[in-house]
Amino acid sequence: MGTASARAEPALRLLQLGAIAAVVAAGPWALFDLDRYSVPKELVLHLAACGASVLLLVHARRVTLSLADAALAGFLALSLASALLAVNHWLAFRAFGISLSGALAFWTSRALAREGYARALVTTLAAGIVLAAALALMQAYGIESRLFSERRAPGGTFGNRNFVAHFVTFGLPLLLLLALSARRGAGLAWATAGMALVAAVLVLSRSRAAWLGAGVCITFFAVEGYWRGRLGQDRRQRSRLVALGAAASAGVVLALLLPNTLEWRSDSPYLDSLLDVANYKEGSGHGRLIQYQNTLRIAADHPLFGVGPGNWPVAYPKYTFPGDPAFDPGDFIPTNPWPSSDWMAIVAERGLPALVFLLATGAALAIGAWQRWRRAPDTSEGLESFCGLLVLLALAVAGSFDAVVLLPAPTLYVGMALGALTQPAPRPVFERDLLDGGRRRLAGAVALTGLLLLIRSASQLGAMMLFDGGRTTSTLEWAARMDPGSYRMQMLLGYAARDRGRCTEVRRHAEAAHRLLPNHPAPRRLLAACRDGGRRTK
């Protein structure tokens with residue numbers, strides 16, 4: 001996308017606003033659990049990424065694709081084919097939309113970086129990371145809000161302590177970059193204060209995936225950046241690294257010493273989590289191994305296109321067995337929305353070729369960033385590339401043990417960070433000038449797709465608002481019609497109709513829920529409750 005800096009500013013501002021809004025966007029509707037966090041953030045993701053892309057495309061003169069861009073485009077093409085073949089198209093459209101908008105955020109940020117806006121993007125992303133950490137700490141130390149979830153504290157406006165921990169892990173390289181490249185003392189002070197907040201959240205979250213991601217980043221930085229890259233030989237840089245380390249240490253110590261409102265069951269919760277980082281014989285580690293085993297069986301049965309983006313919970317009940325901690329047959333929603341690994345989700349939902357294309361994208365970005373860092377470690381471009389490599393490492397590790405790029409806010413931040421910090425290879429694999437007609441058609445296609453994604457997210461958001469505050473059956477029915485892909489609403493309406501003895505309505509809602517998630521046992525039990533028109537207990 002070749003465009004003048006002045007024309008690029010509206011796209012920059014939209015991405016910056018979106019980055020901050022993605023952190024604070026959340027709803028107070030406790031009935032909808034994680035959706036009250038993910039849906040508002042999806043709306044922001046689509047608006048920022050698609051809107052900024054259109055603003056750049058209307059002035060673009062040329063399309064240039066590097067190897068990483070081509071691999072990412074291949075991943076999206078395979079994901080789209082998988083979505084068209086999915087059982088639940090509502091889930092597939094939603095999951096594919098997150099991936100598409102994340103890719104648009106990456107490409108748009110890369111174009112903005114070429115216009116000299118890389119530092120502006122990184123500063124905004126770091127501010128969003130620190131804001132997310134501050135909101136999580138507010139919850140940990142007793143600030144109450146309807147936007148916070150008490151079940152998974154301290155998740156702040158992410159609703160889950162693991163999610164916010166993964167998110168702030170990506171902030172470590174960004175804060176490092178800002179500290180080392182700060183032109184004034186105020187910039188360094190801001191980065192070190194942010195590092196203290198991030199370190200405190202990482203401790204309080206007890207997220208082992210985030211701890212592993214942070215540990216890998218710190219180790220790689222110590223070897224490649226400080227020792228081999230000789231960052232520690234420059235007195236000015238060394239003093240800044242000492243300040244960052246001191247701030248992180250202070251954040252850890254204060255998090256361990258200051259009393260908080262988190263209700264852990266163990267007398268030594270942080271030590272227990274540290275000791276269990278590599279424990280795969282019991283607890284959540286053992287449960288992950290079982291879930292991974294069953295998820296790989298899904299992938300083996302659907303190797304080419306998977307079961308469809310977002311359709312892991314549709315297929316998983318067919319592959320579970322008694323005693324599987326990832327499946328609760330007594331709950332009407334017996335599984336999580338995603339498996340505990342990005343990479344497991346992609347291979348099962350989109351197929352092995354899609355996973356290969358995505359890994360190729362990461363590998364191309366990593367190799368290019370490493371080469372630029374090795375060639376010029378003393379330049380701003382080299383340092384940016386090195387920090388981009390750290391972001392990729394954090395993503396690779398955290399995404400191995402939890403859902404990360406399946407979620408909207410991390411997808412936006414990772415896309416923007418990698419776009420700002422990793423530049424394409426000098427020799428593109430594809431390059432073509434855009435004529436006025438082609439430019440308009442491309443911008444129109446992105447705008448139309450973005451509009452569809454926005455309408456979908458807005459309808460889900462409106463349905464949750466209406467259903468949560470609904471006091472009459474007709475209001476609840478309207479909410480379900482606004483979001484015809486909501487399994488939760490159909491089941492809740494079915495249970496309410498069963499309790500009133502209205503079996504015709506029970507069958508209608510139970511059958512709708514069964515069509516959405518045909519392998520879940522709850523809709524079948526609900527249908528059985530009104531077999532032959534009789535009324536039975538739940």
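**Exercise 1. Which residues does Val414 touch, not counting residues up to four places away in sequence?**

Solution. Val414 touches Phe170 and Leu395, with residues up to four places away in sequence left out of the count; contact means heavy atoms within 4.5 Å. Helices are DSSP runs of H or I with at least four residues, strands are runs of E with at least two, and both are numbered from the N terminus. Then take its accessibility: Val414 counts as buried because its relative accessibility is 6%. Buried means under 20% relative accessible area, exposed means over 50%, and partly exposed is in between, with a 1.4 Å probe and protein chains only. Last, compare sequence and space: Val414 and Arg427 are 13 residues apart in sequence, and their C-alpha atoms are 24 Å apart.

The model is predicted: local features need pLDDT of at least 70, side-chain atom pairs count only at pLDDT 80 or more, and totals for chains, interfaces and linings use all residues. Residues are numbered from 1 along each chain as its sequence is written, and side-chain values use heavy atoms, with hydrogens and water left out.

**Exercise 2. Is Leu131 buried or partly exposed?**

Solution. Leu131 has a relative accessible area of 28%, so it is partly exposed. Its element is helix α5. Its contacts, not counting residues up to four places away in sequence, are Ile20, Val23 and Val24. For the distance step, Leu131 and Val168 are 37 residues apart in sequence and 9.6 Å apart from C-alpha to C-alpha.

**Exercise 3. Which residues have the most contacts inside the largest nonpolar core?**

Solution. They are Leu112 and Leu202, in a core of 122 residues. A nonpolar core is a set of buried Ala, Val, Leu, Ile, Met, Phe, Trp, Tyr and Cys residues joined through side-chain atoms within 4.5 Å. Helix α5 (residues 118-140) gives the largest share of this core, 12 residues. A second, separate core has 15 residues, including Tyr487, Ala497, Leu526 and Cys530. Now list the neighbours of Leu202: beyond four places in sequence, Leu202 touches Ala165, Val168, Thr169, Leu172, Ala210, Trp211 and Ala214. As background, nonpolar side chains in soluble globular proteins tend to be buried together.

**Exercise 4. Where do Asp33, Arg206 and Pro154 lie?**

Solution. Take the residues in turn.

- Asp33 is in the loop between α1 (5-24) and α2 (35-57). Although not a glycine, Asp33 has a positive phi of about 45 degrees. Its relative accessibility is 17%, so Asp33 counts as buried.
- Arg206 is in the loop between α8 (185-205) and α9 (208-228). Arg206 is not a glycine, yet its phi is positive, about 55 degrees. Arg206 counts as buried because its relative accessibility is 17%.
- Pro154 is in the loop between α5 and α6 (161-169). The peptide bond that joins Ala153 and Pro154 is cis, with omega about 0 degrees.

**Exercise 5. How many helices and strands are in the chain, and why is the chain as compact as a globular protein of that length?**

Solution. Count first: the chain has 22 helices and 2 strands. Its radius of gyration is 24 Å, close to the 24 Å that the globule rule gives for 538 residues, so the chain is as compact as a globular protein of that length. The radius is taken over C-alpha atoms, and the rule is 2.2 Å times the number of residues to the power 0.38. Finally, buried residues make up 56% of the 538 residues.
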